[in-house]
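Subject: Structure handover and notes

Dear colleague,

I am passing on the structure we spoke about, with my notes on it below. Please look through it first and then read on.

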Amino acid sequence: MLLTIDVGNTNITLGLFEGKEVYATFRITTKSNKTSDEYGTLIVDMIRGRGISIENIDNVIVASVVPKVMYSLNSGIIKYLGIEPIIVGVGTKTGIRINRTDPREVGTDRIVDAVAAYEIYGGPCIVIDFGTATTYDLILENGTFEAGVTSPGIKICAKALWNETAKLPEVEIAKPDTILARDTITSMQAGIVYGYIGQTEYIVEHIKKASGIENLKVIATGGMGRIIYENTDCIDIYDSQLTLQGMRLIYEKNKNRK
């Protein structure tokens, strides 16, 4: 089995693969102060808790946007799984060409998503990841990462609303039945969700206009992506496992170079 580990700013998401299919997923809160033993035992315990033997894991691949956790996480994997993981980074074969002034500035999460979107759904496409930040990336028909937009994630926007105001409460991020809100809670929900739908539609529309490519597929992923996908026609596909599948595909391209 292949273990994929996606280290994000908020959560670390683990996926276990049998062949091309995700067999199980796990999630850990990202904290940079964990030791290698804490990471190692936590990963082992979660896997065993699903009735899976550690001996069934043959390989591990890690993609991270949080450098501070990498030493302890990598050490924990080696110590408790007995496997030296592939770390997605400079020199990793992805099949994606990055058309940027400094390709190293592009986060590994965006590259992983681009690989999955391009290889599974084809290009040209826009890949949207509704994570801690929301990213919109343009992938051309030949697999070139052409451009990207970064905005505050929907949870960041929501937290700013209630953290920076004296009387507004913390609310569930949910779409109300109508935008014509008549109480504080639903008025906040309307502003957060409808506002983010509007942002998504506007950015997608202008990426299409600026690129001159009208037939762009729009593929979304990320924890808050489903609520936006279900309430707009500008997103064609929502794939909750896009990042994990991208890591599997990158592993396949690099397993013989290990």
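I begin with strand S4, which is largely enclosed by the rest of the structure, because six of its six residues are buried. Buried here stands for under 20% relative accessible area, exposed for over 50%, and partly exposed for what lies in between, with a 1.4 Å probe and protein chains only. Helices (H or I, at least four residues) and strands (E, at least two) are DSSP runs, numbered from the N terminus. This is a predicted model, in which local features need pLDDT of at least 70 and side-chain atom pairs count only at pLDDT 80 or more, while totals for chains, interfaces and linings use all residues. Residues are numbered from 1 along each chain as its sequence is written, and side-chain values use heavy atoms, with hydrogens and water left out.

**The sheet around S4**

In a regular strand the side chains alternate between the two faces of the sheet. In S4, Asn 59, Ile 61 and Ala 63 point one way and Val 60, Val 62 and Ser 64 the other, and all are buried. The strand belongs to an open sheet of five strands, ordered S3-S2-S1-S4-S5, with mixed pairing. Strand S3 (21-29) and strand S5 (86-87) stand at its edges with a single partner strand each, so one side of each has no neighbour in the sheet. Two strands are taken to pair if DSSP finds at least two bridges between them.

On one side, S4 (residues 59-64) pairs with strand S1 (residues 2-7) in the parallel sense over six bridges; Thr 4 has Ile 61 as its bridge partner in S4, and Val 7 stands opposite Ser 64. S4 also pairs with S5, again in the parallel sense, over two bridges, and there Val 62 stands opposite Ile 87. Helix H2 (residues 70-81) lies across S1, S4 and S5 and runs at about 170° to S4. For such angles, axes are lines fitted to C-alpha atoms, for helices over the stretch in contact, and the angles run from 0 to 180 degrees between N-to-C directions.

Thr 13 is placed in strand S2 (residues 11-18) and is buried, with a relative accessible area of 15%. Leaving aside neighbours within four places in sequence, Thr 13 is in contact (heavy atoms within 4.5 Å) with Thr 4, Ile 5, Asp 6, Phe 26, Arg 27 and Leu 244.

Leu 244 is one of the buried residues of helix H7, a helix that is mostly covered, with eleven of its 13 residues buried. The expected span of a helix is 1.5 Å times one less than its number of residues; for H7 (residues 242-254) this should give 18 Å, and the end C-alpha atoms are 19 Å apart, which agrees.

S7 (residues 125-130) runs parallel to strand S10 (residues 217-221), to which five bridges join it, and Val 127 stands opposite Ile 219 in S10. With S8 the direction is antiparallel, over six bridges, and a hairpin joins S7 to S8 through two residues. Asp 129 has Thr 135 as its bridge partner in S8.

**Cysteines**

How many disulfides are there by the rule that a disulfide is a pair of cysteine sulfur atoms within 2.5 Å? The count comes to zero. Cys 125, buried at 0% relative accessibility, has its sulfur 14 Å from the closest cysteine sulfur, that of Cys 234, which is too far for a bond. Cys 157 is partly exposed at 34%, and its sulfur is 16 Å from the closest cysteine sulfur, also in Cys 234, again too far for a bond.

With best wishes

Technical notes:
A disulfide is a pair of cysteine sulfur atoms within 2.5 Å.
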